[in-house]
Amino acid sequence: MATEQSPKVSTPRDIRKEERAQRKAQRQGADAAPERKLEQVIIIGGGIAGMEATKQLLSLGYRPVLVEKEDHLGGHVASWNRLFPDMGDAQAIISTLREEIMDATIYLSTEISFCNRLRDGYNVMLSNGVNVLARAILMSTGFTLFPAAKKEEYGYGVYDRVITNADLENWFNGGDDHRIPSSPKAVGFVHCVGSRDLKAGNPQCSKVCCITAIKQAIEVKEKFPEAEVYCFYMDLRLFGKKYEDFYIRAQRDFGIHFIRGRVSEVSETINGSVQVKAEDTLSGRPIKVVLDMLVLMAGIVNNPDNAGIAKQLSLETDTDGFLRSADNILSITESPRKGIFLAGACTGAKTVPETVAEARSAALSIHNYLKNLQ
Amino acid sequence: MNFGFSLSPSSAVNLDKIDLSLYHKMEEIEPDVRICIGCGSCSATCTGQPFSGMSLRKVILAIQRGRENEAREMLSGCMLCGKCTMVCPRGINTRHLILSMCRYWDGEDHGYNLMNEVEVKI
């Protein structure tokens, strides 16, 4: 029999299991004997990037200190409902990650008061009075959504039937929103709101809005099968795994109308609906339609909170407004400053799986950096 | 008095007012028409296009925008060679679509006949 012929070989899984047991013993030992302390790593920002990096650093044998300004973990993903491409539950992702980082030190509702550079590390003072010394810092400070009201011609905050992608997700999550009609006959989505818009201050593509618009258009159609749903786009950038399948489904199974042309203006009709005007660039004619609800796909821009921390850590901003990596091909997760690492959307728009992969990569970069210091 | 200008009817498409019954008929005949992405490869490969202005991309769009007459005018330039079917990246059976639409119109007896105008123009 096979088991008799081959001697017992340790599989990578067995090795990992042993290591985990060793580390656990080590940690328990550390409680008893304070001189055997695990190395601390500060992680700024408790979104999915910060959470995933925390998880990886824990398993690599460090003591991550996760600092989050909000009173909950999960960042933007925590307020999302379902995620493309498989309509997975966003909350489930957050709870899984949260469970996996139970052993880490996590400070919620805490900000960075100041940080200064020491000879071989950083001294970070938190707003809760805790002082953390660490040789490595991970910036996972994320992004903010473009403030849609800045595009005045779309009427966000002016007209009652104009909402954003984030508002719609909040409503999908069971939130109350008086702006969403009970049985809309026509719903529109405007792609690239504050993205690829030099004048609005963000020439970059936000990457995720095309697929988010298609996802949300399908969800709207599922909730309101009678409604005509229009997507106004400049280009459809469906680069990711199964995104194109999503697009085909939206067209074939849900009859969603895709109109190539940027909405030029939105105005309110006498009964409170909104009329949008655009150029139907494929036919070369102006097009207009009255909608009961208009969803603006607000893009991803740099988190303004980054500026303060970046200044104290002497981090630079790249030409796209996001934090600058040491190299945009080989060292995206490393900053030009020794001991400071970057993960997730603080360096630019990213999808959830891209962010998670980058967080893992950053944890490994930190591990290698600290190992080489010794 | 003539000031040298006059009003012409608006060329704007008003999606609230257009009649989409023909588009729905087309969807019924060939449901794959829904997945057209307007790439234009059908038009680029079209044998009749340089002579008749036939463009299947524009025909589909015109029907989606409720402009039936334009669509019929263009479609009458089709010679049913089927090259558009070969190049369509979404695999739409365009030849079947065109033939079925022409048959549908013929059934209405509007006097439109496949290929009759092409012969004149060539």
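Does S365(A) count as buried or exposed, going by its C-beta neighbours inside 10 Å? S365(A) counts as buried, because it has 21 of those neighbours; the cut-offs are 20 or more other C-beta atoms within 10 Å of its own for buried, 12 or fewer for exposed, and anything in between for partly exposed, with C-beta atoms placed from the backbone. This is a predicted model, where local features need pLDDT of at least 70, side-chain atom pairs count only at pLDDT 80 or more, and totals for chains, interfaces and linings use all residues. Residues are numbered from 1 along each chain as its sequence is written, while chains are lettered from A and ligands numbered from 1 in the order in which they are written.

**Around S365(A)**

- S365(A) sits in helix 9 of chain A; helices (H or I, at least four residues) and strands (E, at least two) are DSSP runs, numbered from the N terminus.
- Setting aside neighbours within four places in sequence, S365(A) is in contact with T333(A), E334(A) and F341(A), where contact means that the C-beta atoms of two residues, placed from the backbone, lie within 7 Å.
- L323(A) is 42 residues away from S365(A) along the chain, and their C-alpha atoms are separated by 17 Å.

**Helix 3 against helix 9 in chain A**

- Helix 3 (residues 48–59) of chain A and helix 9 (residues 352–373) of chain A have axes that come within 8 Å and cross at roughly 40°.
- That makes helix 3 of chain A oblique to helix 9 of chain A; angles under 35 degrees count as roughly parallel, over 145 as roughly antiparallel, 65 to 115 as roughly perpendicular and the rest as oblique.
- Those axes are lines fitted to C-alpha atoms, for helices over the stretch in contact, and the angles run from 0 to 180 degrees between N-to-C directions.
- On the helix 3 side of chain A, the contact residues include I48(A), A49(A) and L57(A), and among their counterparts in helix 9 of chain A are V352(A), A359(A) and I366(A).
- Sorted by class, the contact of helix 3 of chain A with helix 9 of chain A has 10 nonpolar, 2 polar and 3 charged residues; Ala, Val, Leu, Ile, Met, Phe, Trp, Tyr, Cys and Pro count as nonpolar, Asp, Glu, Lys and Arg as charged, and the others, Gly among them, as polar.

**Helix 6 against helix 7 in chain A**

- Helix 6 (residues 209–223) of chain A packs with helix 7 (residues 243–252) of chain A at an angle of about 40°, and their axes are 10 Å apart.
- The crossing of helix 6 of chain A and helix 7 of chain A is left-handed.
- I211(A), I214(A), K215(A), A217(A) and I218(A) come from helix 6 of chain A, and they meet Y243(A), F246(A), Y247(A), R249(A) and A250(A) in helix 7 of chain A.
- That contact divides into 8 nonpolar, no polar and 2 charged residues.

**Where chain A meets chain B**

- Here 14 residues of chain A are in contact with 11 residues of chain B.
- Strand 17 of chain A gives the most to the side of chain A that touches chain B, with 6 residues.
- The side of chain A that touches chain B has 6 nonpolar, 3 polar and 5 charged residues.
- An open sheet of 4 strands runs in the order 15(A)-16(A)-17(A)-1(B), with mixed pairing; two strands pair if DSSP finds at least two bridges between them.
- Strand 15 (263–268) of chain A and strand 1 (13–14) of chain B stand at the edges, each with a single partner strand, so one side of each is left without a neighbour in the sheet.
- Strand 17 (residues 285–291) of chain A pairs with strand 1 of chain B in the parallel sense over 2 bridges.
- Within strand 1 of chain B, V13(B) stands opposite I287(A) and N14(B) stands opposite K288(A).

**Chain B as a whole**

- Chain B has 8 helices and 1 strand, running β-α-α-α-α-α-α-α-α from the N terminus on.
- Of the 122 residues of chain B, 32% count as buried.

- F84(A) and P85(A) are joined by a cis peptide bond, with omega about 0°.
- C192(A), in strand 12 (residues 186–193) of chain A, has a positive phi of about 55° although it is not a glycine.
- C192(A) counts as buried, with 26 C-beta neighbours inside 10 Å.
- L80(B) is not a glycine either, and its phi is positive, near 55°; with 14 C-beta neighbours inside 10 Å, L80(B) counts as partly exposed.

Note on methods: Left-handed = near helix turned anticlockwise from the far one by under 90°.
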